[in-house]
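Here is a walk through one protein model for anyone meeting it for the first time. Have a look at the picture, then read on.

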Amino acid sequence: MKRNMLAIVILAATLINLTLSAVIIFTVIPKAKRTDSLIEKIVAAIDLETESGIGKNYGEVALEDQDEYTFSDKMINLKAIGDRPSLAQVSITITLNKKHDDYKTVQPTVESKENRIIAVVSGVLNDYTSVQVSEYLEDINKDVLKKVQEIFQSDCIIETTLSVIAVQ
């Protein structure tokens with residue numbers, strides 16, 4: 001009699017194991033497949049994002065095909081902290097692509113539009129405090145690049161770099 005009870009318990013445990021295995025197969029595995037496909041889509045989107053964006057052609061332009069203009073030591077107002085005004089001493093570098101179709105029209109006008117470029121930089125920096133400038137310098141450079149490209153109506157300008165020398 002005890003052997004029969006033991007056989008019944010083993011049979012019941014086996015059936016429960018079989019039932020739980022079936023539940024896992026029909027519920028967990030499809031969700032895992034959906035999660036895997038979602039991860040693949042995210043990875044594909046990240047790969048696309050790294051191939052596009054501002055400065056895409058910067059990496060494709062050889063060093064000898066780049067032309068730089070630097071406007072040194074410009075004093076620009078920053079967003080005030082309370083009643084205290086802030087200033088930044090900034091050096092601005094504009095990089096042009098010599099092989100671009102617009103290079104011959106943009107290059108001669110870069111120096112003559114220095115005041116306009118400084119006004120753009122000033123306009124962007126007015127939104128930042130002295131503490132935020134170093135923190136968001138990459139975003140500031142991207143904003144300045146977009147606005148300078150709008151001034152010249154060309155993507156011949158491939159990079160703008162602001163070097164903050166001093167902040168008061």
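Let's start with Leu96, which touches Asp65, Gln66, Asp67, Tyr69, Tyr103, Val106, Gln107, Val110, Cys156, Ile157 and Ile158, leaving aside residues up to four places away in sequence. Keep in mind that this is a predicted model.

Leu96 also belongs to the largest nonpolar core, a set of 29 residues in which Leu96 and Ile92 touch the most other members. Which elements give two or more residues to this core? They are strand 1 (66–81), strand 2 (84–97), helix 2 (103–112), helix 3 (114–125), helix 5 (137–152) and strand 3 (157–167).

## Strands 1 and 2

Strand 1 and strand 2 run antiparallel and are joined by 12 bridges. The two make a hairpin with two residues between them, and in that turn Gly82 has a positive phi of about 70°. Along the pairing, Met75 stands opposite Gln89 of strand 2.

Is strand 2 largely enclosed or largely open? With 10 of its 14 residues buried, strand 2 is largely enclosed by the rest of the structure.

Thr93 sits in strand 2. Its relative accessible area is 14%, and the cut-off for buried is under 20%, so Thr93 counts as buried.

Which residue of strand 2 is the bridge partner of Thr70? That's Thr93, and the side chains of Thr93 and Thr70 are also joined by a polar contact of 3.4 Å. Not counting residues up to four places away in sequence, Thr93 touches Glu68, Tyr69, Thr70, Glu159, Thr160 and Thr161.

## Leu125 in helix 3

Over in helix 3 you'll find Leu125. Leu125 counts as buried because its relative accessibility is 1%. Its contacts, again without residues up to four places away in sequence, are Ile76, Asn77, Leu78, Lys79, Val90, Val133 and Ile140.

How many residues lie between Leu125 and Ala88 in sequence terms, and what is the gap in space? They are 37 residues apart in sequence and 8.9 Å apart in space, taken C-alpha to C-alpha.

## Rings

The model has one aromatic pair. Tyr128 and Tyr136 make up this pair, with 6.0 Å centre to centre and 40° between the planes, which is a tilted arrangement. As for accessibility, Tyr128 is buried, at a relative accessible area of 14%, while Tyr136 is partly exposed, at 32%.

There's a ring to look at elsewhere too: Lys113 lies over the face of Phe152, at 5.8 Å from the ring centre.

Most residues other than glycine have a negative phi. Asp73 lies in strand 1 and is partly exposed, with a relative accessible area of 47%.

Gln153, not a glycine either, has a positive phi of about 50°. Where is Gln153? Look in the loop between helix 5 and strand 3. Is Gln153 buried or exposed? Its relative accessibility is 71%, and the cut-off for exposed is over 50%, so Gln153 counts as exposed.

Definitions and conventions:
Residues are numbered from 1 along each chain as its sequence is written. This is a predicted model: local features need pLDDT of at least 70, side-chain atom pairs count only at pLDDT 80 or more; totals for chains, interfaces and linings use all residues. Side-chain values use heavy atoms; hydrogens and water are left out. Rings of Phe, Tyr and Trp (its six-membered ring) pair if their centres lie within 6.5 Å; planes under 30 degrees apart count as stacked, over 60 as edge-to-face and the rest as tilted. Buried means under 20% relative accessible area, exposed over 50%, partly exposed in between (1.4 Å probe, protein chains only). A charge sits over a ring if NZ of Lys or CZ of Arg is within 6 Å of the ring centre and within 35 degrees of the ring normal. A nonpolar core is a set of buried Ala, Val, Leu, Ile, Met, Phe, Trp, Tyr and Cys residues joined through side-chain atoms within 4.5 Å. Helices (H or I, at least four residues) and strands (E, at least two) are DSSP runs, numbered from the N terminus. Contact means heavy atoms within 4.5 Å. Two strands pair if DSSP finds at least two bridges between them. A polar contact is a pair of N or O atoms within 3.5 Å; within protein, one must be able to donate a hydrogen and the other to accept it, and residues adjacent in sequence count only if both atoms are side-chain atoms.
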